[in-house]
Amino acid sequence: MKKQQLASYKQTRWKRFSQTIIEENDYCCSRCGRKETEGATLQVHHKYYEQNKSPWEYPPKAFEVLCKACHAKEHEHIMPTDGWEYIETSRSEERFSRN
């Protein structure tokens with residue numbers, strides 16, 4: 001993702017838009033079901049990207065509300081809990097693969 005795209009996530013327009021998406025999803029993670037009232041930090045995940053579109057220029061079906069943990073799993077920042085197997089190659093190439 002380019003720096004300009006990342007900067008758009010700090011804009012008030014995105015913050016309002018993403019809050020609306022979270023509200024429409026009843027303040028609930030669509031994967032694990034955790035709610036904001038239970039301490040979940042909710043984030044709006046783009047299911048896909050298109051060139052030359054601002055983050056708020058997509059239809060509602062292009063988004064998924066995820067808690068911070070599920071969002072990290074989606075982007076493979078933390079080890080998934082199921083559906084993946086650990087493949088050991090070399091230290092610099094450790095990765096996960098879908099079963």
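## Helices, strands and the basis of the model

Helices (H or I, at least four residues) and strands (E, at least two) are DSSP runs, numbered from the N terminus. The protein has 3 helices and 4 strands, which follow the order α-α-β-β-α-β-β from the N terminus on.

This is a predicted model, in which local features need pLDDT of at least 70, side-chain atom pairs count only at pLDDT 80 or more, and totals for chains, interfaces and linings use all residues. Residues are numbered from 1 along each chain as its sequence is written, and side-chain values use heavy atoms, with hydrogens and water left out.

## Aromatic pairs

Rings of Phe, Tyr and Trp (its six-membered ring) pair if their centres lie within 6.5 Å; planes under 30 degrees apart count as stacked, over 60 as edge-to-face and the rest as tilted. The structure contains 6 aromatic pairs. In one of them, the ring centres of Trp14 and Phe17 are 5.8 Å apart and the planes meet at 35 degrees, so this pair is tilted. Both residues belong to helix α2 (residues 12–24), where Trp14 and Phe17 are 3 residues apart, about one turn of the helix.

Tyr58 and Phe63 form an edge-to-face pair, with 6.1 Å from centre to centre and 80 degrees between the planes. One aromatic cluster is formed by Tyr9, Trp14, Phe17, Tyr48, Tyr58 and Phe63.

## Burial

A residue is buried under 20% relative accessible area, exposed over 50% and partly exposed in between (1.4 Å probe, protein chains only). Trp14 is buried at 6% relative accessibility, whereas Phe17 is partly exposed at 22%. Tyr58 is buried at 5%, and Phe63 is buried at 7%. Of the 99 residues in the protein, 25% are buried.

His46 lies in strand β1 (residues 42–46) and is buried, with 2% relative accessibility. Contact means heavy atoms within 4.5 Å. Leaving aside residues up to four places away in sequence, His46 touches Tyr9, Trp14, Pro55, Tyr58, Ala62 and Phe63.

The side chains of His46 and Tyr9 are also joined by a polar contact of 3.4 Å. A polar contact is a pair of N or O atoms within 3.5 Å; within protein, one must be able to donate a hydrogen and the other to accept it, and residues adjacent in sequence count only if both atoms are side-chain atoms.
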